[in-house]
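The structure under discussion is shown below.

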Amino acid sequence: MAGGTEMKGLAAGRPAFAVVRRFAAFLGSLLLTFLGLTAVTFGIGRFIPVDPVLAVVGDHATRAVYDKTYLAMGLDRPVPVQYLIYLRKLVSGDFGQSVMTSRPVLSDLMQFFPATFELATIATLIGVIIGVPAGVTAGALKGRWPDHLVRIVGLFGYSMPVFWLGLVGLFVFYGKLGWVSGPGRLDVAYDDIVTSRTGIILVDSLIEGEWAVFRNAIAHLILPAGILGYFSLAYIARMTRSFMIEQLSQEYVVAARVKGRSFWGAVWHHAFPNIMVALITVIGLSYASLLEGAVLTETVFAWPGLGLYITHSLFNADMNAVLGGTLMVGAVFIGVNLLCDLLYKIFDPRLRTQ
Amino acid sequence: MTGSLRQWLASDQPASRRQAVLGNLARGAKAIITNPAALTGLLIVIALLIVALFAPLIAGRISPIAQDLAARLAPPSSAHWFGTDELGRDIYARTVHGARVTLTIVMLVAVFVAPIGLAVGTAAGYLGGWVDALLMRITDIFLAFPRLVLALAFAAALGPGIENAVIAISLTAWPPYARIARAETVTIARSDFIAAVVLQGAASARILFRHIVPLCLSSVIVRLTLDMAGIILTAAGLGFLGLGAQPPTAEWGAMVSSGRDVILDQWWVATIPGLAIFIVSLGFNLLGDGLRDVLDPKNA
């Protein structure tokens, strides 16, 4: 029996080799997608109505200065060559200067990213902790009231504008009830107490044992994270529900029940482990889309993350910063997306032996 | 008379193409109407259409852009049902007129996205080979992009405005349609009736447009209806950031944005247009779920 599977494994190529090959394919598609993303940001940067030279030298530059900058920026070269120059700059970490902060865009991005990361991570945690059990329950009790409740909650999540929910949340929980703190990451009184090590205030304040700062950060974080978490929950619960329904219709569940497993025992110990692989993908996707969805939420809550940086730059016609931010969000988004794809293929035993 | 019409529609042996098509429509309509959720969605969408069509009438001939600075930020009252905004404009009239903007955006995006997706998907699926590989690789690349942020960058580059918002959303929204159309095409292309048409000497273009595209339409329509909510939300998000319709046009996202600074004291300014966005996208979601059950039972 064991020998038989071994023979089959050899015939199909060694599993370890298959993983390597899959990883190479993963890297290939990652590279290609990144190239596509940079091509798009290059195209946007190249075809905006704003004159890129004027953006650098200003309106009052002399003709000579203008021409010199025009040549220095390589704008006389063919477009494909310009794209290659652009790529080489990106690879060496040169995203250009931000007009708004007059600093390199990359160091701006590094400064703003932790806030977005903190928000999206806590939101995903909320989505997973509530969404998965809710989805499993709804799937197990298909057609009964918990199922309808989860479906309605999910449907509302799919239909609500996140910026509006944020404003209503601020009005109710901050304005009327006073349960949470308002916009921003910290009250002004707590600013600059802890030194920024990771940029994630919850972590930084814990390292220094500043409990007052930690509590204040939580009070600021809970509303935006809760609202983003709701959208994550809606998606995760909906997907978990449909995975669960599919598993519970399989014969092995009936077999487990016949052998005396309780209903919930069959749900959690037999069906649930089988949906875990698919769940990893769903959670990863929702995490990636939260990094993106944070753009509007951050605007509403004045949360100093990537989204706020992008929108602020937008209004100051700071195209380097906008494209740098787009590239950063896009890179994280693509990375997480493809990583989930890879994890799925590695952990799903059916795909592994093929 | 009605009895015989009903029989004629419900016949499982249609004598003509017309009878078959009408019978299918009737069965679909019945399935939608007997499903309370889908019916609610349908009614909301119809209400949106009526409000958009007769906006000036429904707004009671109150101008959505007339300013009355003496009555700015007035709470809801009998004179101003939903109150007034920071320039004293009537929020009820603006919300009603905003339906027009939303409907325009949604219809324009649909008109752009469905043909692009269908063209790319059916061509890839039917022609196969390197065309398929190339087109699907491009589709995958676009599919992996973050939609809102990319639409944001596009809108920023093109400049603010409804037309540019539509282009920005369309550029990021077509890939799923190409995927769906390709999947359908691959199965259809293998069927005997396509082989028969090929033997009769039909050109590829004719096969694509006359035989494959019509069969892909139902999946595309379902996806489009389900996507409408997302499109409305993205458009509202762009409007909220100031990249959609420009003032003084009444657009729901921009209206929410204008109420941002006064949310703690004058809640109605931001809340009511947001509610309109919510109800309309809920309607499209409900209708889309219902349509999926009717048109596309294998994915339900």
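How much area do chain B and chain A bury between them, and what share of it lies on carbon and sulfur atoms? In this predicted model, the two chains bury about 3600 Å² between them, with 81% of that area on carbon and sulfur atoms.

## The contact between chain B and chain A

On the chain B side, the residues that lose the most area to chain A are B:V149, B:L241 and B:F278, which together make up 16% of what that side buries. The contact draws 39 residues from chain B and 41 residues from chain A.

Four residue pairs are in polar contact between chain B and chain A, both residues of each pair being at pLDDT 80 or more. Five helices of chain B each supply at least two residues of the side that touches chain A: helix 6 (129-143), helix 7 (147-158), helix 11 (204-240), helix 12 (252-258) and helix 13 (268-295). Helix 13 of chain B provides the largest share of that side, namely twelve residues. By residue class, the side of chain B that touches chain A consists of 28 nonpolar, six polar and five charged residues.

## Helix 6 of chain B

One of the contributing elements, helix 6 of chain B, contains 15 residues. From its first C-alpha to its last, helix 6 of chain B reaches 21 Å, close to the 21 Å expected at 1.5 Å a residue. Its buried residues include B:V131, B:D132 and B:M136, and B:T139, B:I141 and B:F142 are buried as well.

## The salt bridge between the chains

One salt bridge is counted between chain B and chain A. It pairs B:D289 with A:R238, whose closest N and O atoms are 3.8 Å apart. B:D289 counts as buried at 16% relative accessibility, whereas A:R238 counts as partly exposed at 31%.

## Salt bridges within chain A

Over all chains, the structure holds eight salt bridges. One of them links A:D108 and A:R103, with the closest N and O atoms 2.7 Å apart.

A:E118 lies in helix 6 (residues 105-140) of chain A, and A:R185 lies in the loop between helix 8 (162-176) and helix 9 (201-207) of chain A, so the pair ties together parts that are 67 residues apart in sequence. A:E118 is buried, with a relative accessible area of 4%, and A:R185 is also buried, with a relative accessible area of 14%.

## Two buried aspartates of chain A

A:D147 belongs to helix 7 (residues 145-159) of chain A and counts as buried at 1% relative accessibility. Its side chain makes a polar contact of 2.6 Å with the side chain of A:R241. Apart from residues up to four places away in sequence, A:D147 touches A:A138, A:L141, A:K142 and A:R241.

A:D204 is located in helix 9 of chain A and counts as buried at 2% relative accessibility. With neighbours within four places in sequence left aside, the contacts of A:D204 are A:V194, A:T195, A:S196, A:R197, A:T198 and A:G199.

## Helix 13 of chain A

Why is helix 13 of chain A described as largely enclosed by the rest of the structure? Eight of the ten residues of this helix (residues 306-315) are buried, so the rest of the structure largely encloses it. Among these buried residues are A:L306, A:L308, A:Y309, A:I310 and A:L314.

The buried residues of helix 13 of chain A pack against helix 6, helix 12 (263-301) and helix 14 (319-347) of chain A, together with helix 7 of chain B. Just after helix 13 of chain A, A:A317 takes a positive phi of about 50°.

Notes
Residues are numbered from 1 along each chain as its sequence is written. Chains are lettered from A and ligands numbered from 1 in the order in which they are written. This is a predicted model: local features need pLDDT of at least 70, side-chain atom pairs count only at pLDDT 80 or more; totals for chains, interfaces and linings use all residues. Side-chain values use heavy atoms; hydrogens and water are left out. Contact means heavy atoms within 4.5 Å. Buried area is the accessible area (1.4 Å probe) that two parts lose on being put together, summed over both. A salt bridge is a side-chain nitrogen of Lys or Arg within 4 Å of a carboxyl oxygen of Asp or Glu. A polar contact is a pair of N or O atoms within 3.5 Å; within protein, one must be able to donate a hydrogen and the other to accept it, and residues adjacent in sequence count only if both atoms are side-chain atoms. Helices (H or I, at least four residues) and strands (E, at least two) are DSSP runs, numbered from the N terminus. Ala, Val, Leu, Ile, Met, Phe, Trp, Tyr, Cys and Pro count as nonpolar, Asp, Glu, Lys and Arg as charged, and the others, Gly among them, as polar. The expected span of a helix is 1.5 Å times one less than its number of residues. Buried means under 20% relative accessible area, exposed over 50%, partly exposed in between (1.4 Å probe, protein chains only).
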